[in-house]
Amino acid sequence: MFRVMVSHARKHPSLIPLFLIIGSGGVGAALYLMRLAVFNPDVCWDKKNNPEPWNKLSPSDQYKFYSVNVDYSRLKKDRPDF
């Protein structure tokens, strides 16, 4: 498959930006999924030692990728400890 892409790119050099854009989009999507799997508090990889990781988050922890109107450093704790 890679050889076919390279042969098409040699015959038609205008396809090179298309291949680069599609490849960078795939790499970006894979990196975002990896970020969600590692840093999201809803994902639990170790159920023996930490069965509920979302309970250990403090209100000042930013776990969203982008938040528009929320300043996480000013938030106070409004829930009980378990």
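Visitor: Does Ala9 count as buried or exposed?

Guide: Ala9 counts as buried, because its relative accessibility is 15% and the cut-off for buried is under 20%. Keep in mind that this is a predicted model.

Visitor: Where does Ala9 lie?

Guide: Ala9 lies in helix α1, which covers residues 2-11.

Visitor: And which residues does Ala9 touch, leaving out those up to four places away in sequence?

Guide: Ile16 and Phe19.

Visitor: How far apart are Ala9 and Phe19?

Guide: In sequence, 10 residues. In space, 8.6 Å from C-alpha to C-alpha.

Visitor: Let's zoom out. How many helices and strands are in the protein?

Guide: Two helices and zero strands.

Visitor: What share of the residues is buried?

Guide: Buried residues make up 7% of the 82 in the protein.

Visitor: What about contacts between residues 24 or more positions apart?

Guide: They account for 15% of the contacts with a separation of 6 or more.

Visitor: Which residues make the nonpolar surface patch?

Guide: Val27, Leu31, Met34, Val38 and Phe39 make it. The patch is about 530 Å².

Visitor: Where does Val27 lie?

Guide: In helix α2, residues 16-39.

Conventions:
Residues numbered from 1 in each chain as written. Predicted model: local features only at pLDDT ≥ 70, side-chain atom pairs only at ≥ 80, totals over all residues. Heavy atoms only, no water. Patch = residues over 30% accessible without salt bridge, like charges linked within 9 Å, V, L, I, M, F, W, Y side chains within 5 Å. Areas by Shrake-Rupley, 256 points an atom, 1.4 Å probe, with all protein chains shown as cover. Salt bridge = Lys/Arg side-chain N within 4 Å of Asp/Glu carboxyl O. Helix = DSSP H or I, 4+ residues; strand = E, 2+ residues; numbered from the N terminus. Buried < 20%, exposed > 50% of the residue type's maximum accessible area, 1.4 Å probe, protein only. Contact = heavy atoms within 4.5 Å.
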